[in-house]
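Q: Could we go through this model together, a strand or a residue at a time? I'll ask as things come up.

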Amino acid sequence: MALHIETLSLISTVQTAVLALMLWAGTHPGASVARNSLHLRAAAFAVEAAGWGTLAAHAYLSPTMLLLGGNALNLIAMAMSVIALRMLLGEPLRWRLVLAIGVIGWLGVGWFGLVHPDYRYRVLWGSVAITLNMLLNVEALTSGFRWHFSRARNVLLLFCVMAVVLVVWRSGQLWFGSDQPLATSVPSATNFIYISLSGMQPLFASIGFLLLYNEILQQELHLLARIDSLTGVKNRLAINEIMPRKMAQSARWQQSLAVLMIDADHFKSVNDRFGHAGGDVVLCAMVASIRATLRETDVLGRVGGEEFVVLSSGTDLSGALRLGERIRTTVESTSLLVDGQALRLTVSIGVTTVMPAEQDSAAVLHRADQALYAAKRAGRNRVVSASMDDDQVATLPA
């Protein structure tokens, strides 16, 4: 049976070009790292399609143009693919290293193709460049190693391994196999298998990349659904999810867990005076003041209009009262200027701690809320603590 390298290359050209078009057209407009990485991957497919096109049209191109042009396009596409994947994963792009691999690879291929012709060394040089790029992909995919990777990462890792195995097999066939060293465009069993499998790689790569893209978008949506859009802190949904985990962790490690409910005093008058836009500025300033008093391990969330909650692991009741007082004084002493007018803001704070046997996070939040309302009734701008019994409160006045 005759081996039609041109036909295989043309099929790969069309397939890769269609994949590039689908990836580009299937991405919603808008600026984000994930979308930019997908667009870059689509552009890489377009460049790769042009590389396959040179092989399909080799009869109409000079050997030098085919050698230098085709390999340049393939190495550029590979470099773009590496950077796109690292961009999507949020890893350092290492574009200088990627560029160096591409340039050195192209120069080596040109040297062993034109200056000192040796097809086996030329293939070996290109294989090393491909392997180095695949190792950069593996390094990005395995960053922050975990025993169980996501499905998308597993697919892409498998693709990288397959690509390395393919180039190693091809080099091995040329050096140790029965085939004579022949240019890729010349029909041979090795070239036929290599081009067939290489032509399928864009399809596998696009599937893995799209799986990873979708996975990351789902993670972003999950996070966005749990972040307060105005202040940037966690919202009620996130707090309701975090509280049980924090309580279980505290019970497991036999640590205390403090819960502080914070509410801005007379905030309606702030909105009446400055409008909702001005009120938003005040809330953001208040959040910044609260954050300045917290540890990195403390959790701050917005659970109402001007009501916030702090979860502080390893903090007992006396420590929670000191933290609440630190928050109160910090907010009170922060100078605010809204629409050119000075404003003094105060907060009331209700404090409680999780009891060792407690498992009901809603009850804990309710107890902190009751302490907060006790602070409001006592005159505001103060810290009030609550025990298991809602009626037992202790007030730390301003």
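Q: Which way do the residues of strand S7 point, and are they buried or exposed?
A: In this predicted model, strand S7 (residues 383-386) has Val 383 and Ser 385 pointing one way and Val 384 and Ala 386 pointing the other way, and all are buried. Buried here means under 20% relative accessible area, exposed means over 50%, and partly exposed is in between, with a 1.4 Å probe and protein chains only. Strands (E, at least two residues) and helices (H or I, at least four) are DSSP runs, numbered from the N terminus.

Q: Before going on, how are residues numbered, and what pLDDT do local features need?
A: Residues are numbered from 1 along each chain as its sequence is written, and side-chain values use heavy atoms, with hydrogens and water left out. As this is a predicted model, local features need pLDDT of at least 70 and side-chain atom pairs count only at pLDDT 80 or more, while totals for chains, interfaces and linings use all residues.

Q: Ok, what does S7 pair with, and in which sense?
A: Strand S6 (residues 347-353) pairs with S7 in the parallel sense over three bridges, where two strands pair if DSSP finds at least two bridges between them. Within that pairing, Val 351 stands opposite Ser 385.

Q: Why is S3 described as largely enclosed?
A: Seven of the seven residues of S3 (residues 307-313) are buried, so the strand is largely enclosed by the rest of the structure. Glu 307, Val 309, Leu 311 and Ser 313 point one way, and Phe 308, Val 310 and Ser 312 point the other way. In a regular strand, side chains alternate between the two faces of the sheet.

Q: Switching to charges, how many salt bridges does the structure hold?
A: The structure holds 12 salt bridges, each defined as a side-chain nitrogen of Lys or Arg within 4 Å of a carboxyl oxygen of Asp or Glu. One of them joins the side chains of Arg 86 and Glu 139 (2.8 Å, N to O), and this pair links distant parts of the chain, with Arg 86 in helix H3 (residues 63-89) and Glu 139 in helix H5 (residues 119-141), 53 residues apart.

Q: Are those two buried or exposed?
A: Arg 86 is buried, with a relative accessible area of 0%, whereas Glu 139 is partly exposed at 31%.

Q: What does Lys 376 bridge to?
A: Lys 376 forms a salt bridge with Asp 263, where the closest N and O atoms are 2.6 Å apart. Asp 263 lies in strand S1 and Lys 376 in helix H11, so this pair ties together parts that are 113 residues apart in sequence. Lys 376 also forms a salt bridge with Asp 265, with the closest N and O atoms 3.0 Å apart; Asp 265 lies in the loop between S1 and H9, so that pair ties together parts 111 residues apart. Asp 263 is buried at 9% relative accessibility, Asp 265 at 4% and Lys 376 at 15%.

Q: What about Ser 289, where is it and what does its side chain touch?
A: Ser 289 is in helix H9 (residues 267-292), and its side chain makes a polar contact with the side chain of Thr 334 (3.1 Å). A polar contact is a pair of N or O atoms within 3.5 Å; within protein, one must be able to donate a hydrogen and the other to accept it, and residues adjacent in sequence count only if both atoms are side-chain atoms. Ser 289 counts as buried, at 8% relative accessibility.

Q: Last one, what is phi like at Asp 339 and Arg 380?
A: Phi of Asp 339 is near 50 degrees, and Arg 380 has a positive phi of about 70 degrees although it is not a glycine. Most residues other than glycine have a negative phi.
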